[in-house]
Amino acid sequence: MLEFIRALKQQGLTILLIEHKLSLVMQLSDRVIVMDDGRKIAEGRPEDVRDDPLCDRGIPGTQAMWSGGSRLEIRDQRLGTAPNSLTPTSHLLSLQGIDTFYGPLQVHFGVSLHVSSGEIVCLLGGNASGKSTTVKVILGLVKPRAGRVMFNSQPIGGLPTPEIIRRGIGAVLESRRIFPDMTVRENLLMGAYTRRDRDEVQRDYERMLALFPRLRQRLHQRGGVLSGGEQQMLAMARALMGRPKLLCMDEPTMGLSPLFVDRVLELIGRINQQGVTVFMVEQNANLALQIAHRGYVLQNGHIVLEGAAGELLGSPAVRDAYLGGGR
Ligand SMILES: Nc1ncnc2c1ncn2[C@@H]1O[C@H](COP(=O)(O)OP(=O)(O)O)[C@@H](O)[C@H]1O
Ligand SMILES: [Mg+2]
């Protein structure tokens, strides 16, 4: 992208770029304008803006923004501790020897993994390694050609997606997929569509607004007008409205600003502490491993590495798996 935008600029195109990937901003821009919470807080050449005292003056979050996020403190609390009070006893979810194809293209090669009750497990891997397809297999959106998917001690492979969700898997799919023309409130209630316990639904609705206070301010706006980070929170809250045993998330931090990345990861940790098991797919290994208990690395459809988050964090083997050869 960097090269591409540079080439456009060289051809004489004037560019207004809205971006929170700071490496990109710093390398490309002649001038930078920084906004925070609806206000312009700094403006100037990239190097001046980066050193602007405003960005250090305790304006909420700006520092984290400039340092590229990752002021997560959850990590120390979590690493090496048992996954919350529900000690993992059995595998809540397992994939056994999964082979998946799209027509002639084989995407999974004997993929096996498991998630125990109470855990946060992340599936890491570079572009096109088959991560999203794994989520689709779990949800029954893609049927594998071989292998088994077990959930709660029952085979769920071959079941229709609504039935899989009814059995207790909540889904936050790629690029969030909220209902853009429904209000935030309606989106939330849709998450409880199959539930009949109205009083409990109302209670969960209030719980979600307490957990995601930002949504409360937006209740009667259309989901489609929310920012990316807010939509991510809405998608998570909507999934939780179904009271899942397992929350399955595809790249929950993709496209979010560093601040929202931290916030979303923190929330995943909180949700897990409240008893929800989490399986998350992430491209950003170091961030995901800060909140996860265990991780797997997928490379071209093969699980090439697995281990405790603490072992994988910063491990050269993980980096090699990312850089390793293409198809
Ligand atoms: N519906 C589809 N039809 C054909 N090929 C697909 C389809 N979905 C994904 N693929 C291909 O399968 C591979 C794995 O995709 P995906 O699981 O989305 O990877 P990841 O999420 O790890 O980036 C990619 O090469 C992608 O192009
Ligand atoms: Mg993907």
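How many nonpolar, polar and charged residues does the shell around ligand 1 have? The count by class is 4 nonpolar, 6 polar and 1 charged, where Ala, Val, Leu, Ile, Met, Phe, Trp, Tyr, Cys and Pro go down as nonpolar, Asp, Glu, Lys and Arg as charged, and the others, Gly among them, as polar. The model is a predicted one, so local features need pLDDT of at least 70 and side-chain atom pairs count only at pLDDT 80 or more, while totals for chains, interfaces and linings use all residues. Residues are numbered from 1 along each chain as its sequence is written, and chains are lettered from A and ligands numbered from 1 in the order in which they are written.

The shell itself is made up of Tyr102, Leu105, Val107, Gly125, Asn127, Ala128, Ser129, Gly130, Lys131, Ser132 and Thr133; a residue is near the ligand if its C-beta atom, placed from the backbone, lies within 6 Å of it. Two elements give two or more residues here, namely strand 4 (105–116) and helix 6 (131–138). Helix 6 gives the most, with 3 residues. Helices (H or I, at least four residues) and strands (E, at least two) are DSSP runs, numbered from the N terminus.

Of its 8 residues, 7 are buried, that is, 20 or more other C-beta atoms lie within 10 Å of their own, against 12 or fewer for exposed residues and anything in between for partly exposed ones, with C-beta atoms placed from the backbone. The buried set runs to Lys131, Thr133, Thr134, Val135, Lys136, Val137 and Ile138. Just past the end of helix 6, Gly140 has a positive phi of about 75°.

Strand 6 (residues 146–151) pairs with strand 7 over 2 bridges, and Met150 has Pro155 as its bridge partner in strand 7. Two strands pair if DSSP finds at least two bridges between them.

Overall, the protein has 15 helices and 12 strands. There is another open sheet, this one of 6 strands, with the order 8-9-10-5-11-12 and mixed pairing. Strand 8 (169–172) and strand 12 (302–308) are its edge strands, each pairing on one side only. On average, its neighbouring strands are turned by 15° against each other, direction ignored. Strand 5 (residues 120–124) and strand 11 (residues 294–299) run parallel and are joined by 4 bridges, with Arg294 as the partner of Val121. Strand 11 and strand 12, by contrast, are antiparallel over 6 bridges. These two form a hairpin with 2 residues between them, and Asn300 in the turn has a positive phi of about 45°. Helix 12 (residues 258–273) lies across strand 5, strand 9 (246–250) and strand 10 (277–282), at about 155° to strand 10.

As for the interior, 37% of the 327 residues count as buried. Leaving out residues up to four places away in sequence, Cys248 touches Val135, Ile138, Leu139, Ile169, Gly170, Ala171 and Phe279; contact asks for C-beta atoms, placed from the backbone, within 7 Å.

Arg222 lies in the loop between helix 10 (213–216) and helix 11 (228–240), and is partly exposed because 16 other C-beta atoms lie within 10 Å. Beyond its neighbours within four places in sequence, Arg222 contacts Pro180, Asp181, Met182 and Thr183. Arg319, in helix 15 (residues 316–323), is partly exposed too, with 13 other C-beta atoms within 10 Å.

Technical notes
Axes fitted to C-alpha atoms, helices over the stretch in contact; angles between N-to-C directions. Contact = placed C-beta atoms within 7 Å.
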